[in-house]
Amino acid sequence: MLGLEHDWPVDETKLMEPVYTPAFEGPQHDDILVGNRGYGDRFEANDWSTRATDLGTFGAAGDVTLENLSIDNDSDRDMFKLETTVAVRLSATVEPVGETYSSGPQNPIDGSCPPGPDFDSLNIHDLRLELLNSGGGTLASENETGTGSPELLEYVIDTPGRYYIRVQGDPTNAVQLYSLTITTGSLVGGVTLY
């Protein structure tokens, strides 16, 4: 039992509406957001390099996309570890995920669903992205676009080895869902081949 309250409106968009709907199976955007706020995402323990989520080894051409990740409060950060076997051009994109919808609690006394404000889950945190070396030193960072917009970090890794990607938010004590995409391409004559 997760301890989530019913949520309105009853419009077949959320699992936790007070009335059952067969319109979908499993949690929807609002349900994932609330679950991550209370419990973190599936990699929640990855706040430090010693507990970083292992993305594996990247060679001349590699890519991975992770979804339903979150910065769930003002002190959360997410660390991801990767190994490179050759010199590569690394591209990392963090993209906030969200939408605007009406949301409010069900009245616990009479079960009614009074009107509530619109909630914009896209514009919660101003996400920033960093590339760190194996000792934790910052090689590159991006924080140019502001809330609701993706950040793109590109960097040429000349020396194969272990690196870390760190995603952080701002001092907002709320949850921001995001996706993370990392791509590597080989360097041949100064040109990136993906």
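Predicted model: local features only at pLDDT ≥ 70, side-chain atom pairs only at ≥ 80, totals over all residues.

Student: What secondary structure does the chain contain, and how many of its residues count as buried?

Tutor: The chain has 1 helix and 14 strands. Of its 194 residues, 40% count as buried. As for contacts with a sequence separation of 6 or more, 74% of them join residues 24 or more positions apart.

Student: How should I read a sheet, and which strands form the open sheet here?

Tutor: Strands of a sheet pair through backbone hydrogen bonds, in either the parallel or the antiparallel sense. In this model, an open sheet of 5 strands runs in the order E2-E4-E12-E9-E10, and its pairing is mixed. Its edge strands are E2 and E10 (138-142), each of which pairs on one side only. From one strand to the next, the twist averages 20°.

Student: In which sense does E4 pair with E2, and in which sense with E12?

Tutor: With E2 (residues 53-58), the pairing of E4 is parallel, over 4 bridges. With E12 (residues 161-168), E4 pairs in the antiparallel sense over 8 bridges. Individual residues show this arrangement: Phe80 in E4 stands opposite Thr53, and Phe80 also stands opposite Ile165 in E12. Elsewhere along E4, Thr84 is the bridge partner of Phe58.

Student: Why can E4 be called largely enclosed by the rest of the structure?

Tutor: The reasoning rests on burial, which is taken as under 20% relative accessible area. Since 7 of the 8 residues of E4 (residues 77-84) are buried, the strand is largely enclosed by the rest of the structure.

Student: How do I read a nonpolar core, and which residues have the most contacts inside the largest one?

Tutor: In soluble globular proteins, nonpolar side chains tend to be buried together. The largest nonpolar core here has 23 residues, and those with the most contacts inside it are Phe80, Leu90, Ile165, Val167, Tyr178, Leu180 and Ile182. At least two residues each come from E2, E3 (61-71), E4, E5 (88-97), E9, E11 (151-157), E12 and E13 (176-188). E5 gives the most, with 4 residues. Leu180 illustrates the packing: apart from neighbours within four places in sequence, its contacts include Val64, Leu66, Phe80, Leu129, Ile165 and Val167.

Student: Is Thr184 buried or exposed?

Tutor: Thr184, which is found in E13, is buried, with a relative accessible area of 1%. Thr184 and Val156 lie 28 residues apart in sequence, and their C-alpha atoms are 9.4 Å apart in space.

Student: Finally, which residues of the helix are buried?

Tutor: An α-helix has 3.6 residues a turn, so residues three or four places apart point the same way. In H1 (residues 29-39), the buried residues are His29, Asp30, Asp31, Leu33, Gly35 and Asn36. Just after H1, Gly40 takes a positive phi of about 80°.

Conventions:
Residues numbered from 1 in each chain as written. Heavy atoms only, no water. Buried < 20%, exposed > 50% of the residue type's maximum accessible area, 1.4 Å probe, protein only. Pairing = 2+ DSSP bridges. Axes fitted to C-alpha atoms, helices over the stretch in contact; angles between N-to-C directions. Core = buried A, V, L, I, M, F, W, Y, C linked by side-chain atoms within 4.5 Å. Contact = heavy atoms within 4.5 Å.
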